[in-house]
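Notebook open, structure loaded. I want to go through the strands, the surface and the pockets in turn.

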Amino acid sequence: NGLNVGQVKELVLTDDNKRVKALLQIDASVKVTDSTRAKLVDGSILGGKSVVLDKVGAGNPLKDGDEIR
């Protein structure tokens, strides 16, 4: 129930098979910082998943290729 600010471009399992890394393409107008956290959630009652980005405080801007935890 949020705004669509980008899309998932790729999903990859980590080497230990315990986590998934998602390559996100986020609109340039969205300010993402090193205090932003990402969480995978159910998208809707019809299925699918969504990634929720939560800003948990002030932070330094991320650049292309940086990681969100």
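Which strand gives the largest share of the nonpolar patch? I looked it up: strand β1 (residues 6-13) does, with three residues.

Housekeeping before I go on. I'm working on a predicted model, where local features need pLDDT of at least 70, side-chain atom pairs count only at pLDDT 80 or more, and totals for chains, interfaces and linings use all residues. Residues are numbered from 1 along each chain as its sequence is written, and side-chain values use heavy atoms, with hydrogens and water left out.

**Entry: the patch.** I listed its members as V8, L11, L13, V20, L40 and V51, which make about 570 Å² of nonpolar surface. L13 sits in strand β1. My patch rule takes residues with over 30% relative accessible area and no salt bridge, joining like charges within 9 Å and nonpolar side chains (Val, Leu, Ile, Met, Phe, Trp, Tyr) within 5 Å. Areas are Shrake-Rupley with a 1.4 Å probe, and for residues only the protein chains shown count as cover.

**Entry: the fold.** I get zero helices and four strands, in the order β-β-β-β from the N terminus. Both element types are DSSP runs numbered from the N terminus: helices are H or I with at least four residues, strands E with at least two. The C-alpha atoms fill a box of roughly 35 × 30 × 20 Å along the principal axes.

**Entry: pairing.** I call two strands paired if DSSP finds at least two bridges between them. β1 and β2 run antiparallel, joined by seven bridges; I found G6 partnered with I26 in β2. Six residues lie between these strands in the hairpin, where N17 takes a positive phi near 60°. β3 and β4 are also antiparallel, over seven bridges, and A38 stands opposite L53 in β4. Their hairpin has six residues between the strands, with G47 in the turn at a positive phi of about 105°.

**Entry: salt bridges.** I required a side-chain nitrogen of Lys or Arg within 4 Å of a carboxyl oxygen of Asp or Glu. That rule gives three. In one, E67 meets K21, with the closest N and O atoms 3.1 Å apart. This pair links distant parts of the chain, 46 residues apart: E67 is in the segment after β4, K21 in strand β2.

**Entry: largest pocket.** I gridded the protein atoms alone at 1 Å; a pocket is an open set of points where a 1.4 Å probe fits, with protein on both sides within 12 Å along at least five of seven lines, and lining residues have an atom within 4 Å of a point. Points join across faces, edges and corners, and the volume is the space filled by probe spheres set on them. The largest pocket comes to about 1,200 Å³. Of its 29 lining residues, A22, L24, D66, E67 and I68 are closest to the centre. β2 gives the most, seven residues.

**Entry: second largest pocket.** Its volume is about 560 Å³. I count 25 lining residues, with L3, V5, V51, V52 and L53 nearest the centre. β4 gives the most here, seven residues. The lining divides into 11 nonpolar, nine polar and five charged.

Methods:
Nonpolar A, V, L, I, M, F, W, Y, C, P; charged D, E, K, R; others polar.
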